[in-house]
Amino acid sequence: MDLSVQDPSDRERLIEAAQLAALGVFLPTGMRQRNDRLSIAGAGILTLSGGAFLLWLLNGGPISDSSVSAGKPETLGLSVLGQVEMLITLVAAGALWTSRRAVFATLRQRLQPNPAPESDFDHALVVCATLIGVTLVGLPWAVLAASSRYGQWPIGWQALVGGGFFLGLASRRLGNALYQFLDRHARIEYEEPVDQVVWRLHYLAWLLHVYRPNYLKPRILRQARARINETARIIELNPVPMRTAHWRERSLRKQIRHDHARVAATLRELSKNIATVHTLEQYDRVCDAVLAGAISAAHGNWDELLEAAPEISVISRTVRAFRRTVPSLVLVGAALVIPVLPGIGASTDGIRVLLLATAVLSILPTGDAARDIIRGTLDRALVRDSGSGTAKNN
């Protein structure tokens with residue numbers, strides 16, 4: 001699908017600048033594969049360390065010592081080897097759940113006819129197949145084993161199941177963070193200071209043009225807003241432009257960071273405008289603004305790019321960060337203060353867990369898969385607790 005650029009000179013310059021920027025934004029194949037291997041290795045090290053620590057807690061650690069001190073030692077009813085197998089299954093299930101979209105995209109890409117593999121060993125496909133295979137084979141056994149032995153030590157089984165699934169989520173997140181860190185710092189050798197702005201704005205303009213026929217569908221609007229916010233975050237946090245200034249030139253580094261933050265603020269304003277569009281003309285105005293920014297960046301005209309950008313100050317950044325974190329801080333403070341309040345009974349663990357989980361939900365992004373997991377777990381726990389309370393009253 002083609003972008004509607006009226007001026008032929010702007011069109012040629014935008015295409016040329018986007019092609020040159022793509023050479024800097026996207027690393028060579030060998031470096032991408034190296035970053036993939038290192039990120040997978042980092043996620044594996046985290047999983048092994050966390051799994052070993054969890055097994056120590058359940059077999060001789062504080063959790064098992066608490067059951068012994070209570071007067072009736074409790075066990076999981078499962079050998080250490082069985083616990084390891086259970087942990088591997090839960091970690092694979094957690095990693096598969098949090099990366100399900102990436103796994104499906106990888107499988108869909110590999111199943112296309114006449115693929116052009118980048119190397120003989122497709123480690124991404126191997127990882128996806130391993131996660132799916134371990135989950136499909138081990139999860140039914142894990143469910144049966146946990147359900148038949150849960151009554152022997154409920155706290156231990158909750159720690160094993162919850163900890164294993166959380167390790168899978170955390171390992172995937174750490175792998176992504178490590179890959180982005182390696183990718184960002186490796187691109188410094190290839191990327192020019194304006195490459196990210198040119199490429200991201202050009203790609204965003206093309207995506208909004210693709211979404212145009214279905215612009216009134218809520219799903220399309222959510223995707224468009226997510227792409228705009230992602231582009232703003234990448235442009236604002238890009239470290240490459242700062243490499244042109246020495247670390248002692250604080251005012252110059254601050255000015256560069258300030259300019260990119262203003263571009264990101266403009267994109268966030270356009271994201272808000274996308275959420276309130278009702279006509280095709282309103283949607284086209286957002287598309288035209290993004291396309292005009294891409295053309296200005298392609299020509300290197302930063303004055304025109306920043307002409308309508310809002311001013312960013314330390315106060316505005318502080319207020320934005322404060323608004324995002326203060327609800328979770330209040331909830332965490334309430335969870336810590338509740339046990340010491342006078343007249344409060346000792347059975348406040350459920351309330352504290354609810355407050356802490358709500359604090360985590362308030363700080364997570366809206367599209368994060370962990371929000372759905374935590375919310376579903378809380379709903380089930382609240383329903384179970386209310387059911388048990390009703391049975392006691394009866």
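Q: How many disulfides does the count give?
A: This is a predicted model, in which local features need pLDDT of at least 70 and side-chain atom pairs count only at pLDDT 80 or more, while totals for chains, interfaces and linings use all residues. Residues are numbered from 1 along each chain as its sequence is written, and side-chain values use heavy atoms, with hydrogens and water left out. A disulfide is taken as a pair of cysteine sulfur atoms within 2.5 Å. Under this rule the number of disulfides is 0.

Q: Is the cysteine C128 buried or exposed?
A: The class follows from relative accessible area, with buried meaning under 20%, exposed over 50% and partly exposed in between (1.4 Å probe, protein chains only). C287, at 13% relative accessibility, counts as buried. C128 has a relative accessible area of 7%, so its class is buried.

Q: How many salt bridges are counted?
A: A salt bridge requires a side-chain nitrogen of Lys or Arg within 4 Å of a carboxyl oxygen of Asp or Glu. One of the pairs is R13 with E16, whose closest N and O atoms are 3.8 Å apart. The count of salt bridges by this rule is 5.

Q: Which helix holds both R13 and E16?
A: Helices here are DSSP runs (H or I, at least four residues), numbered from the N terminus. R13 is partly exposed at 29% relative accessibility, and E16 is partly exposed at 42%. The two residues are 3 apart, about one turn of the helix, and both lie in α1 (residues 8-25), so the helix is α1.

Q: How many residues apart in sequence are the parts that the R268 and E236 pair ties together?
A: The side chains of R268 and E236 meet in a salt bridge, with N to O at 2.7 Å. R268 belongs to helix α10 and E236 to helix α9 (residues 218-237), so the pair ties together parts whose separation in sequence is 32 residues.

Q: What separation in helical turns lies between K272 and E269?
A: K272 and E269 form a salt bridge with their closest N and O atoms 3.9 Å apart. K272 is partly exposed at 49% relative accessible area, and E269 is partly exposed at 39%. Because the two residues are 3 apart in helix α10, their separation is about one helical turn.

Q: Which residue follows α11?
A: The 20 residues of α11 should span 28 Å, and the end C-alpha atoms are 28 Å apart, which agrees. Its buried residues include Y283, C287 and A298. The residue that follows α11 has a positive phi, near 75°, and is G300.

Q: Which element gives the largest share of the lining of the second largest pocket?
A: A pocket is found on a 1 Å grid over the protein atoms alone, as an open set of points where a 1.4 Å probe fits, with protein on both sides within 12 Å along at least five of seven lines; lining residues have an atom within 4 Å of a point. The lining has 15 residues, of which T266, A289, G293, L305 and A308 lie nearest the centre of the pocket. The elements giving two or more residues are α10 (250-275), α11 (280-299) and α12 (302-305). The largest share, 5 residues, comes from α11.

Q: How many residues of that lining are nonpolar?
A: Ala, Val, Leu, Ile, Met, Phe, Trp, Tyr, Cys and Pro count as nonpolar, Asp, Glu, Lys and Arg as charged, and the others, Gly among them, as polar. The lining of the second largest pocket has 3 polar and 2 charged residues, and its nonpolar residues number 10.

Q: How far apart in space are I45 and S171, C-alpha to C-alpha?
A: I45 is found in helix α2 and counts as exposed at 56% relative accessibility. I45 and S171 are 126 residues apart in sequence, and their C-alpha to C-alpha distance is 8.8 Å.

Definitions and conventions: Expected span 1.5 Å × (residues − 1).
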